[in-house]
Amino acid sequence: MQTQDHRQTGQVNSHIRTMAAALSSQVALVRKSNRLLYSLRSHFHTSNGLSSKEHYKVVVLGGGAGGIAMGARMKRKVGAEHVAIVEPSEMHYYQPMWTLVGAGAKTVSASGRPTASVMPSGVKWVKSRVMKIDPKNNTVFTESGKEISYDYLIVALGLRLQYEKVKGLPEGFEHPKIGSNYSVKTVEKTWKALQDFKEGNAIFSYPNSPVKCGGAPQKIMYLSDSFMRKTGKRSKANIIYNTSLPVLFGVKKYADSLWEIVKSRDLNVNLRQNLIEVRADKQEAVFENLDKPGETKVYEYEMLHVTPPMGPPAVLKGSSLEDQAGWLDVNKDTLQHKKYTNVFGIGDCTNLPTSKTAAAVAAQSGVLDRTITKVMKKDKPDKKYDGYTSCPLVTSYKTVILAEFDYDGQPLETFPVDQSKESRIMYHMKADLMPHLYWHGLLKGLWGGPGPYRKIMHLGMK
Ligand SMILES: Cc1cc2nc3c(=O)[nH]c(=O)nc-3n(C[C@H](O)[C@H](O)[C@H](O)COP(=O)(O)OP(=O)(O)OC[C@H]3O[C@@H](n4cnc5c(N)ncnc54)[C@H](O)[C@@H]3O)c2cc1C
């Protein structure tokens, strides 16, 4: 009886195995044909012009700070179903927090939220990259094979990090002792390098290109100095800030305060020094003297923080939307494109002659909202952007100098106090209040910068 049971069980098992094998080969066949279908579809999308076509009244390129803010504002203006945002990333990051992440004061997870959660509801999220912009025919093309036409286009593509312009990067980040707050992939490496610091040179670089948040390359130096003092390592550290710029900071009022801090904390600042190579295996960094091209100096480091060269989004090249340097060519007052009247720009991708920050994006979003309203009504844009930008210069784990200024580099301070002085309240604003303002104000299209509050704070005098 037992033998018969065994035989029957064996037969059942063998049936199951045969069925499983048949099923898995069917699954493989289905997967193969799906792959074939997908590749055929993408082939036709891209090469035979049979791509899916869509039209929206407003198309926004980029779903970062400026793109989401403008998407929310346009939704209110023309209705959600008439707006599309093209953005490939699954996660949206509040990048200003990365200064604190690199110094261990915040976590990288606290800086990010799923893109789906910040998309204005009802607005079409085209989860892809824009590959080509054809402003003559009011059309953009995406990597996923979509051809999207528009009545109005808002370009909010941010800028491109160019680590590869420094010899030895980005592969150098595979070694320890080196980090960069500018990318989500490398920001935690800064904190690791800082914690692992024993003794030697701690070097902080600033590239020979426009950057976003011009203060961030030195904020991490002040935080590192504070951390080393807290952990008793400061006497063993030689802290060096090698910057390509001829100044410590672009606005004299704040630069004067920063020079005082630099001197009092024994931080070495070398101007016009550009990082050109990292030999991460040997812990060496090579800088070129920009005033004497070809003259280089090799530094050994125990910690290196890299601010990479940055440039305009590649997709603008050859689109006839860019200026000579490749940035989106917009009117500095109205943010309307200089050649195509139904194209507008916001944020880091533009050639607006101001410091590239999220604070600037906020102020720009209010002006751009107004400009587009006027253009849609066939009126002349009337509101002018004054170049407002802001940089909370974190000078320790409890202090900030809140730089705020305009196109002319003139301070445009919100509070009726001297903001060039280090302040604890400003630190709390940076660390605790500004993230809320970003997620719940700017991204919802409700925060257009502190202009109206400045007037109230200064009793209408500014
Ligand atoms: C370390 C650090 C510290 C900073 N500190 C501050 C600060 O203290 N205060 C401050 O105000 N600002 C700060 N900033 C700057 C601020 O984060 C940026 O200026 C701001 O995010 C610019 O917004 P944006 O919309 O122009 O670009 P982003 O927010 O960078 O968004 C651009 C978007 O475009 C998308 N994109 C790119 N290419 C394509 C494509 N081909 N197709 C579709 N989408 C594409 C990207 O995925 C991205 O989502 C800091 C930034 C960093 C990195």
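The shell around the ligand is made up of 14 nonpolar, 12 polar and seven charged residues (Ala, Val, Leu, Ile, Met, Phe, Trp, Tyr, Cys and Pro count as nonpolar, Asp, Glu, Lys and Arg as charged, and the others, Gly among them, as polar). The model is predicted: local features need pLDDT of at least 70 and side-chain atom pairs pLDDT 80 or more, whereas totals for chains, interfaces and linings use all residues. Residues are numbered from 1 along each chain as its sequence is written, and side-chain values use heavy atoms, with hydrogens and water left out.

Of the 33 residues around the ligand (a heavy atom within 4 Å), G66, E87, V130, D348 and A359 come nearest. Helices α2 (65–78), α6 (216–230) and α8 (358–376) each supply at least two shell residues (DSSP runs of H or I, at least four residues); α8 gives the most, with three. Because domain 1 (2–159 + 312–387) and domain 2 (162–309) both contribute to the shell, the ligand lies between them; the bounds come from an automatic or database domain assignment.

Oxygen atoms of the ligand lie 3.0 Å from a polar side-chain atom of K219, 3.2 Å from a side-chain N or O atom of K430 and 3.5 Å from a backbone N or O atom of L157. Taken alone, the ligand exposes 1,000 Å², of which the protein buries 90% (Shrake-Rupley method, 1.4 Å probe).

The lining of the second largest pocket comprises 15 nonpolar, nine polar and two charged residues. Among its 26 lining residues, Y206, V211, T354, S355 and K356 lie nearest the pocket centre. Domain 1 and domain 2 each provide at least three residues of this lining.

Conventions
Polar contact = N/O pair within 3.5 Å; in protein donor to acceptor, adjacent residues only side chain to side chain. 1 Å grid on protein atoms, 1.4 Å probe; cavity = no way out; pocket = protein on both sides within 12 Å on 5 of 7 lines; lining within 4 Å.
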